[in-house]
Amino acid sequence: ADVEEYYMTGKNTGSINRGGNELSGRTCTEINGKTTVEFVRALLGTSTISTSGDTNCIWAYGSTDSLSQHSNTQRGIIKINFGTGTGSTVDEVDYILAHSICMWLGMCFFFVIGISSVRYLKADETQIMEKPKWLLLHIGAQCFGVFFMILGFGLGYASVAGPIDKHFSDDTSQSHGKIGLVLCSASLIQIVGGLLRPQKEPEHKTTMRKIWEFGHKFTGVTIVLLAHINVLLGLEHADSNDTWTYLQCIWIVLWLLREIFFLCASRKKEEKVRIEGTQEKVGRVANLAL
């Protein structure tokens, strides 16, 4: 079989390009179920291979001819010293999977639970430790969310080797990394803003309190919405299985439907209160006329 030569400009199938002429003596044989690929590549080429010290080399194989991401059992890293001919395998730690799970739990699950606790439980006047139940659930969910978010951010950072600017470059993470950095920063600011919120007056809301409430709610919902979108960007960048993309889309639709239901219910409740207030005023005027 022929051995084709490719080069990559990114970490997805769309970045695989056919071409190049640095390999010679390319052969591929299969004997007794074992496939052997042989080729010759000059040490001095487009990128120079050093003969001193170890050089990282990656390998991967698939069960079909289609281009797709290889599973963890079908890929690996080896260190080769081209000066001595010795080599050793490197255990690959899958930081990306752990990063994905932590970020989803933090920003797409616990943050959503925190918002929902305010949406649906605020009318419940149950007290726990002299605090409203909904408030404690909101704070607890946000704290869990921030914990998993920070852990996921650290795992994502650890998955990229190199200087700081490489971690958020277009070649490494495209827009996914930059959006993630902004969302993590905004989430931490949101937590600090919650701790430093203006006190709520017993009889009326101050102007600062009204501004804070609007900003806190708007920022929280915006962070969660962009986090859901960023998960899709991350799945696309990692060239993951389409099943995960479909499941994330279903989760987004369910969340948006819940938000729409809450807004409609709130408008209906406000309209009911307005009508009852108008009827009460009309009744007072009628009583005065009598």
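**Entry 1: the overview**

I started by noting that this is a predicted model. I then looked up the helices and strands, and the protein has six helices and nine strands. Next I checked burial: of the 290 residues, 23% count as buried. The accessible surface comes to about 20400 Å², and 63% of that belongs to carbon and sulfur atoms. I also looked at contacts between residues at least 6 apart in sequence, and 50% of these join residues at least 24 apart.

**Entry 2: helix H4**

I picked helix H4, which runs over residues 174-195.

Then I listed who is hidden. In H4, the buried residues are His-176, Gly-177, Gly-180, Leu-183, Cys-184, Ser-187, Gln-190 and Gly-194. They cover an arc of only 145° around the axis, so they sit on the same side of H4. On the other side of H4 I found Val-182 and Ile-189, which are exposed.

What covers the buried residues of H4? The cover includes helix H1 (95-121), H2 and helix H5 (207-237).

I zoomed in on one of the buried residues, Gln-190. Its relative accessibility is 14%, so Gln-190 counts as buried, the cut-off being under 20%. Leaving out residues up to four places away in sequence, Gln-190 touches His-216, Thr-219, Gly-220 and Ile-223.

**Entry 3: a glycine in H2**

I moved on to helix H2, residues 133-158, where Gly-154 has its place. Gly-154 counts as partly exposed because its relative accessibility is 35%. I then looked along the chain: His-99 is 55 residues apart from Gly-154, yet the C-alpha atoms of the two are separated by 7.9 Å.

**Entry 4: salt bridges**

A reminder to myself: side chains of opposite charge can pair when their charged atoms come close. How many salt bridges does the structure hold? I wrote down five.

I began with Glu-4 and Arg-18, whose side chains meet in a salt bridge at 3.1 Å, N to O. Glu-4 lies in the segment before strand S1 (6-8) and Arg-18 in strand S2 (residues 16-18), so this pair ties together parts that are 14 residues apart in sequence. Glu-4 is partly exposed, with a relative accessible area of 38%, while Arg-18 is exposed at 59%.

Then I turned to Arg-26 and Glu-5, a salt bridge whose closest N and O atoms are 3.4 Å apart. Arg-26 is in strand S3 and Glu-5 in the segment before S1, so the pair ties together parts 21 residues apart in sequence. Arg-26 counts as partly exposed at 36% relative accessibility, whereas Glu-5 counts as buried at 12%.

My next stop was H5. Arg-209 and Glu-213 form a salt bridge there, with the closest N and O atoms 3.1 Å apart. Both lie in helix H5, four residues apart, which is about one turn of the helix.

**Entry 5: a nonpolar patch**

I went looking for nonpolar surface. Trp-244, Leu-247, Ile-250, Val-253, Leu-254, Leu-257 and Ile-260 make a nonpolar surface patch of about 710 Å². I checked one of them, Val-253, which lies in helix H6 (residues 242-289). Val-253 is partly exposed, its relative accessible area being 45%.

Where is its place? Asn-32 is in the loop between strand S3 (23-31) and strand S4 (34-41). Its phi is near 55°, a positive value in a residue other than glycine. Asn-32 counts as exposed, at 77% relative accessibility.

Key:
Residues are numbered from 1 along each chain as its sequence is written. This is a predicted model: local features need pLDDT of at least 70, side-chain atom pairs count only at pLDDT 80 or more; totals for chains, interfaces and linings use all residues. Side-chain values use heavy atoms; hydrogens and water are left out. Helices (H or I, at least four residues) and strands (E, at least two) are DSSP runs, numbered from the N terminus. Buried means under 20% relative accessible area, exposed over 50%, partly exposed in between (1.4 Å probe, protein chains only). Contact means heavy atoms within 4.5 Å. The arc is that of the directions from the helix axis to the C-beta atoms. Accessible areas come from the Shrake-Rupley method with a 1.4 Å probe; for residues, only the protein chains shown count as cover. Patches are made of residues with over 30% relative accessible area and no salt bridge: like charges are joined within 9 Å, nonpolar side chains (Val, Leu, Ile, Met, Phe, Trp, Tyr) within 5 Å. A salt bridge is a side-chain nitrogen of Lys or Arg within 4 Å of a carboxyl oxygen of Asp or Glu.
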